[in-house]
Amino acid sequence: MLTQTTQGSLKQPTLQLLRGLRTKSKNSRVATVSAATQRIITGLSVLSGRKKYPRILKLSNEDLIRHDTIQAAWAQYQRDIRTDRQSVLDKQYDSIINAMEDLKITNMELFKIANKKEKGKRFPLDARIPVDFPPNKVWHYEVKAPAEKK
Amino acid sequence: MASRGLLTFQRCLSTSPATTSATSAPAVPLSTIRSTLLLTRTPVVTPELTPFETHFYNYQSELERRLMWTFPQYFYYKKGSLSERRFVKAQKGPVSKQPGVFFKKGIPDIVHNRERREKQEVIIPKSEEDESMSDFNRAVVPNSRTTKADEDNDIKSLERALHRSLYLIVKENGSWKLPSFAVEDSSNLHRAAESGLRSLGGEQINTWTVARSPAAVLKYQNGKLVAPETQGEGLQREYVIKSRILSGLFAPEKATEFAWLNREEIEQKVSPEYFQATEFLFSKV
């Protein structure tokens with residue numbers, strides 16, 4: 001839709017696009033979402049909540065006990081794993097302390113080097129983390145000669 | 001644990017370095033110190049699930065599916081489109097309620113083509129799979145978690161037991177143990193271990209030293225393992241340095257017997273005293 005405005009014969013007629021005109025005020029109080037988000041919201045609220053939900057889970061007493069037992073067993077299992085892991089970590093920590101204390105008595109030079117902070121040490125780039133299924137090449141056997149770093 | 005925390009705290013607070021006590025203590029000859037390498041091949045794949053874990057995860061996912069909202073089919077498939085027709089055709093429709101009919105599994109409760117009493121099974125229509133399928137949309141077939149080395153039980157292979165941590169052990173003087181090397185003039189534990197490993201197993205190995213500080217100390221008196229707290233004369237010490245193999249392989253030129261084993265297999269191979277002294281270093285995963 002175009003409107004022509006002519007004000008006097010000397011001025012050029014200006015064309016105004018009505019389609020692009022803002023119809024809402026800029027500082028409207030209503031929070032608006034983007035058109036794409038609004039489309040998704042409308043699409044998903046075609047059904048009322050009542051129709052979307054499955055029926056409420058009604059557990060019999062036996063089922064409830066069964067469920068609680070499963071959850072308790074799982075919690076216990078996780079606790080066992082946690083305590084087991086913590087006890088191993090404690091042992092490893094104590095062992096490091098003991099080894100370092102021993103090294104201090106045994107050889108001071110070795111101790112100083114072992115105790116030195118390794119600033120900026122990082123995990124190597126070629127280290128990998130476990131994945132669900134192995135890669136096509138399970139292990140890389142060829143090794144490039146590493147750059148000497150002293 | 002609290003006492004240990006306090007000890008650490010006191011150590012942090014103490015201003016006098018331990019150097020004073022160390023200088024007064026008699027120096028131990030370097031020939032009695034050895035550097036032991038704990039070389040790990042970390043797991044390549046995730047751990048195997050125990051039967052309990054498998055059942056529990058299955059139970060949880062079934063519960064979640066039972067409580068899931070009805071699948072918004074109208075959102076994903078435009079009405080009247082070909083893809084919608086294909087989707088509808090693939091679904092197994094629910095049994096609807098009929099007057100005067102006895103339903104063995106209870107009266108159906110269907111809303112929006114979904115049986116509300118049960119989980120909803122949404123079947124994605126499969127496109128025809130044939131030879132002409134391109135590389136882009138072919139089905140993904142994962143690699144097997146067990147390898148040929150597993151079948152052959154090749155304990156020298158690094159491709160065995162991908163879900164476990166493997167450790168390098170070698171046979172020295174008729175008994176299996178972690179490889180240990182003399183600390184000669186290097187006066188550097190971690191480098192002695194790494195260079196010792198290369199002199200024994202070749203240069204074709206890429207390792208990463210976890211820390212310079214030893215993870216444990218093993219003490220021998222007259223060739224017998226003693227408690228790590230033991231002090232005194234005539235002790236042989238082995239300091240354990242942790243390291244990880246990243247690539248390459250351990251291929252000794254000499255007829256050195258070696259094996260990459262997990263925790264349980266190490267327990268079978270090494271002597272009980274040795275395993276008792278080192279068991280906390282081997283991961284259960």
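Chain B comes out with an average pLDDT of 87, and 87% of its residues score at least 70; pLDDT is the predictor's confidence in each residue, from 0 to 100. This is a predicted model, so local features need pLDDT of at least 70 and side-chain atom pairs count only at pLDDT 80 or more, while totals for chains, interfaces and linings use all residues. Residues are numbered from 1 along each chain as its sequence is written, chains are lettered from A and ligands numbered from 1 in the order in which they are written, and side-chain values use heavy atoms, with hydrogens and water left out.

For chain A, the average pLDDT is 82, with 75% of the residues at 70 or above. Helices (H or I, at least four residues) and strands (E, at least two) are DSSP runs, numbered from the N terminus. Contact here means heavy atoms within 4.5 Å. As for the complex, the predictor gives an ipTM of 0.81 and a pTM of 0.78.

Now to the interface. Chain A puts 66 residues into the contact and chain B 83. About 6800 Å² is buried between the two chains, 60% of it from carbon and sulfur atoms; buried area is the accessible area (1.4 Å probe) that two parts lose on being put together, summed over both. A:Arg55, A:Trp74 and A:Trp139 supply 11% of what chain A buries against chain B, more than any other three residues.

A:Trp74 turns up again where H3(A) meets H3(B), alongside A:His67, A:Ile70, A:Gln71, A:Ala73 and A:Tyr77; the residues on the H3(B) side are B:Phe52, B:Glu53, B:Phe56, B:Tyr57, B:Tyr59, B:Gln60 and B:Leu63. The axes of H3(A) and H3(B) (residues 51–66 of chain B) lie 11 Å apart at an angle of about 130 degrees. Axes are lines fitted to C-alpha atoms, for helices over the stretch in contact, and angles run from 0 to 180 degrees between N-to-C directions.

Within chain A, A:Met100, A:Leu103, A:Lys104 and A:Thr106 of H3(A) meet A:Met108, A:Leu110, A:Phe111, A:Ala114 and A:Asn115 of H4(A). Six nonpolar, two polar and one charged residues make up this contact.

Technical notes
Ala, Val, Leu, Ile, Met, Phe, Trp, Tyr, Cys and Pro count as nonpolar, Asp, Glu, Lys and Arg as charged, and the others, Gly among them, as polar.
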